[in-house]
Amino acid sequence: MKELHQDIKFEDTLRLRRICIITEDIFGPIKNGGIGTAYYHLAVFLQRSGHKVTICFVNGLAKNPIKMQRTKSFFEKYNIDFFSIAPQILAKTAMARTMAMPYAAYEWLKQHENCFDVVHVSEWRGMAYIALLAKKLGIAFQNMHFAVKGSSPTLWSAEGNQQFLKEERQLGWVFMERKSAEMADTLICGSNHLFQWMVRNKYNLPERSFYWPNVFIDDLMPDRKKNTSNIISATREWVFFGRLEPRKGIILFVNALNTLSVKGIKLPKITFLGGLSHRFDARKFIEENQGNWKTKIEYRSNFNSLEAVEYLSGDGRLAIIPALLENSPIAVYECLAARIPFIAADTGGTSELLDKKSVEKILFKPNHISLASKLAVHIKELPCPGIKHERLRKSIKVWEQWHGQEHLVSIKKTKSIAVLPLISICVTHYERPELLDQALNSIDRQSYKNFEVIIVDDGSVSDNTLKALKIFEDRYKDRGWQFIYQENRYVGAARNTAARNASGDYLLFFDDDNVMMQDMVDKLVRAAIFSGIDCLTCSSIRFSGVGEPNTAESKLGTQIRFMGPAKAWATKVNIVGDATCLIKTSLFKKYGGYTERYRTGKDDIEFYSKLIFEKVKISYYPDPLYYYRTSKNSMKERNHFQEEGEFRQISPYLKGLDSEDKSLLLFRKQQKENNKAKAAKYKPGIIQKTMRRLRKFVRVKV
């Protein structure tokens, strides 16, 4: 158990910093998000402490210029700079949607690399994953300190709320959230509860990993009557405080009300204070149950967090926070700061915010019987407002000291490589010499010079191709480039042949229809050595046409983005990278190279899966380093057996499993559209949808 004050060197001279908060959620555009409210308070606190503060809001809402200008003006009042970035989705795939947010954050941060000393960012949905990866590989940000906030991991939320993961991209979020925590310069969880969850789930946490309450500034809350003795203590109203969805306890609360009404207990007025969820029809659910409550029901769904606290501060109102799972709930911070009477479910890190006496009086077990019992006590009289835990009372001072300390920012200089390793560039070819010519020219132009080239022709038979290969042999003879000819055995066998004839420290596999950027080899080698990575894939730029990129005979497309070694998602799709990769020769041989099945495909993905399973140090270079040609004459178009290829993709994970575990991994449900068989889901009508979109566009209250 490590608290943040243990990371402070009190003898350090305090310094002012240039600090960036980069987030998908911020107060203003987002009315009442927990992460956004926490970062709003952090930003104001840091500015008051004398630091230069910038907020970068990465969200599709950035496309709304009216809302962004209002938010910018709001933060200008605090002397805080505000930027907004709308992520670009480059393809109609789950991978493209998943990577849009972390790439947008990375690209913006790279443009402002010399502007900041410290970057605050949540691990949620991997916002900082690409930026942290770039730092790990030595690409950028060596003079920045990334403070990653442990907020709400996807898997933590699913487990705690007993929910299944329903989208493939959630597998990607689980991976990126974990890697963000692991690559952080400092990880700070809002609660020991979440910190211990990461430990139990075998996160490889950095040395500087701590838990500490969020910064929360009481005077940002609406004014509470100073003379608390005049505040009415009689209960007039129960207020459900949270989004109207199951994980925030709406079902638990309704069941508790039903329990009380069955006993004939007269209920006070009930208000539901929280946004509606498009995944759950809360109003319908409440209407189906309220028949026996015999009391007035109101909904207040459009308040932002400040308006919600102001409402709760009214006389006679009891805030009820029955969430099934919480890390360090902002709703509790707000009630404590504004001296609002409340009760809350004893879940997650909630109890860590209260002193011992308040825990006993305010918290209840997360079931409807316990909640009903607690509510019965407060039908006529409100509880006393909660008292903060000592840790929360001294939180601000610790945050102030931590940000200003001298040793927080330490620049890691990129070391020069004493001896440049020999790189064996392995090119496979089949019946397209005009494209091979472009690939070889791009290799010849590389800024990195200590390399050899092995070209394996996999059974070309046409006279035109054989003549062209002879010309290429003569052209590169003086450079010692090898040309090897074999019968057509397909790409996996061709790559293995190249590897057997290589003498380099690293192998770099490259397809004959692609084109290298000039610094590709140099950047891959330096990143691998800097980070100690054994296998490195990379991003690329799509292009089409018969000519080289950036010529009249070709057309450039969008960037092809991958994620890296996300094991769970790797059993479904290729998320590691294209066949182009740099790998240590000894490692490639140790794991037997590619399997050789004729025209099956996915031999490269199978090999990556093998490396992931064996826990080899494999990673992904996020910047594009070559041009990837898209055409009908690609290897994918010539593959025979799609199912066999998909089987190869998961086959490494079958190793050592018993029959039951294997059957679970091998099960594939047929993807057939059957509307009648689909489970009924709540979908708002056109009026509700239109009103919600209109509010998003027009309304911003800050």
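Helix H3 is largely enclosed by the rest of the structure, because 13 of its 18 residues are buried (under 20% relative accessible area, with exposed over 50% and partly exposed in between; 1.4 Å probe, protein chains only). Helices here are DSSP runs of H or I with at least four residues, strands are E runs of at least two, and both are numbered from the N terminus. H3 covers residues 94–111, and its end C-alpha atoms are 27 Å apart. This agrees with the 26 Å that the 18 residues should span at 1.5 Å a residue (1.5 Å times one less than the number of residues). A kink of about 40° lies at Ala100, shortly before Pro102. The bend is the angle between axes fitted to the seven residues ending at a position and the seven starting there.

The model is predicted: local features need pLDDT of at least 70, side-chain atom pairs count only at pLDDT 80 or more, and totals for chains, interfaces and linings use all residues. Residues are numbered from 1 along each chain as its sequence is written, and side-chain values use heavy atoms, leaving out hydrogens and water.

The whole structure holds 35 aromatic pairs. Rings of Phe, Tyr and Trp (its six-membered ring) pair if their centres lie within 6.5 Å; planes under 30 degrees apart count as stacked, over 60 as edge-to-face and the rest as tilted. Tyr40 and Tyr78 pair edge-to-face, at 6.2 Å centre to centre and 75° between the planes. The pair links distant parts of the chain, 38 residues apart: Tyr40 is in helix H1, Tyr78 in the loop between helix H2 and strand E3. Tyr40 is buried at 2% relative accessibility. Tyr78 is partly exposed at 21%. Phe451 and Trp481 form a tilted pair, with 6.5 Å between centres and 55° between planes. Phe451 lies in strand E15, and Trp481 in the loop between helix H17 and strand E16. Phe451 is buried at 16% relative accessibility, as is Trp481 at 8%.

Two arginines sit over tyrosine rings (CZ of Arg or NZ of Lys within 6 Å of the ring centre and within 35 degrees of the ring normal). The charged end of Arg317 is 3.7 Å from the ring centre of Tyr311. Arg561 lies over the face of Tyr103, at 4.2 Å.

The protein chain has 26 helices and 22 strands. Buried residues make up 56% of its 702 residues. Its C-alpha trace spans about 95 × 65 × 50 Å along the principal axes.
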